[in-house]
Amino acid sequence: MKNITISAKLFIGAMAAMGVAALAGGMMRWECKDAVRFLSFLIIAMIASRLKVKLPGTTGNMSVNLPFILIAVAELSFPETVLIAAFSAFIQGLPAKGWRMRPVQVLFNISTLVVAVAAADLVFHYSAAIPSLAAKSLLIALAGTAFLVADTLPVAGVIALTENINLVTVWREMLTLTFSYFVLSAGVAAIAATASRYVGWQTPLLMLPVMTGAYVSYKRYFRLSAAVAIANLQFATLPAGARAKAEVQHA
């Protein structure tokens, strides 16, 4: 987040305030019925948070922790879930070797994920009171949709304010890059939540190998996409004669 404008700073401050309020509200009414289950979800979500891929054309990244967060929304209390979200966002934001941590970016990332989890939790539990929406798989799909909007829109907003780009354009591009991941995450979470009714709460923890496979797949896909984009850019900068010659050779 370089050259942050005043409007972007105000937006980040507002997101931070909402994130702190949601986290503080959860901690003030702390509830944990099973410490082993909570710690298991916390550890597995943090591990998944380090499995992240860089989104092409942006400075952001995407980790594979979402299924575990959605399962936490369905299976754990709100305080437990927002705490898992806060730790997951912090772990995801830890820089790779040679990079420096930016406190403002870490604060924004944690706040955004906490607010997104709060929105997902609200939708999940309010929808659960409607008989026609009582199926857990449908509730997770609705919670995932709320999370998708609450997680991507603020990120698109701060990028738009910082880079002076149209918000709709940025958000549409983000959705194009990440929508399939959100669908996959909601589907995996719904399957795990259904299976846990018959096998036990440990079932969702078995999702890590599945999401590790998804991480490897997405990492390869985005790396190839970036390589193609660079190749196209290099081709576009060639002189007209060289471009024509290259087109004939590949015809």
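In this predicted model, Ile-69, Val-73 and Ala-74 of helix 3 meet Leu-113, Val-117, Ala-120, Asp-121, Phe-124 and His-125 of helix 5, where a contact means heavy atoms within 4.5 Å. The residues of this contact divide into 7 nonpolar, 1 polar and 1 charged, with Ala, Val, Leu, Ile, Met, Phe, Trp, Tyr, Cys and Pro counted as nonpolar, Asp, Glu, Lys and Arg as charged, and the others, Gly among them, as polar. The axes of helix 3 and helix 5 come within 10 Å and cross at roughly 45°, the axes being lines fitted to C-alpha atoms, for helices over the stretch in contact, and the angles running from 0 to 180 degrees between N-to-C directions. Helix 3 and helix 5 are therefore oblique to each other, since angles under 35 degrees count as roughly parallel, over 145 as roughly antiparallel, 65 to 115 as roughly perpendicular and the rest as oblique. Their crossing is right-handed; a crossing is called right-handed if the near helix is turned clockwise from the far one by less than a right angle, and left-handed if anticlockwise.

Two conventions apply throughout. Residues are numbered from 1 along each chain as its sequence is written, and side-chain values use heavy atoms, with hydrogens and water left out. As the model is predicted, local features need pLDDT of at least 70 and side-chain atom pairs count only at pLDDT 80 or more, while totals for chains, interfaces and linings use all residues.

The chain as a whole has 9 helices and 2 strands, where helices (H or I, at least four residues) and strands (E, at least two) are DSSP runs numbered from the N terminus. From the N terminus on, these elements follow the order α-α-β-β-α-α-α-α-α-α-α. Of the 251 residues in the chain, 41% are buried, a term that stands for under 20% relative accessible area, with exposed meaning over 50% and partly exposed in between (1.4 Å probe, protein chains only). Among contacts between residues at least 6 apart in sequence, 73% join residues at least 24 apart.

Helix 3 (residues 66-75) also packs against helix 2 (residues 35-49), at an angle of about 160° and with the axes 10 Å apart. That makes helix 2 roughly antiparallel to helix 3, and the crossing between helix 2 and helix 3 is left-handed. On the side of helix 2 the contact involves Arg-37, Phe-41, Ile-44, Ala-45 and Ala-48, which meet Phe-68, Ile-71, Ala-72 and Glu-75 in helix 3. By class, this contact has 7 nonpolar, no polar and 2 charged residues.

Helix 5 has a further partner in helix 6, and the two pack at an angle of about 150° with their axes 8 Å apart. Helix 5 and helix 6 are therefore roughly antiparallel to each other, and their crossing is right-handed. The contact includes, among others, Phe-108, Thr-112, Leu-113 and Ala-116 of helix 5 and Ala-146, Phe-147, Ala-150 and Asp-151 of helix 6. Its residues divide into 18 nonpolar, 2 polar and 1 charged.

Within helix 5 (residues 103-127), Thr-112 has a relative accessible area of 2% and is therefore buried. Leaving aside neighbours within four places in sequence, Thr-112 is in contact with Met-15, Ala-150, Asp-151, Pro-154 and Val-155.

Helix 4 (residues 78-93) has 16 residues and reaches 22 Å from its first C-alpha to its last, close to the 22 Å expected at 1.5 Å a residue, the expected span being 1.5 Å times one less than the number of residues. Helix 4 is mostly covered, with 13 of its 16 residues buried. Ser-88, found in helix 4, is buried because its relative accessible area is 0%. Not counting residues up to four places away in sequence, Ser-88 touches Ala-45, Met-46, Ser-49, Asn-65 and Leu-113.

Helix 6 (residues 136-163) has 28 residues and spans 40 Å from its first C-alpha to its last, close to the 40 Å expected at 1.5 Å a residue. In the loop between helix 5 and helix 6 lies Ala-128, which counts as partly exposed because its relative accessibility is 36%. Helix 6 is followed by Asn-164, whose phi is positive, near 60°. Most residues other than glycine have a negative phi. Asn-164 is placed in the loop between helix 6 and helix 7 (167-199), and it counts as exposed because its relative accessibility is 71%.
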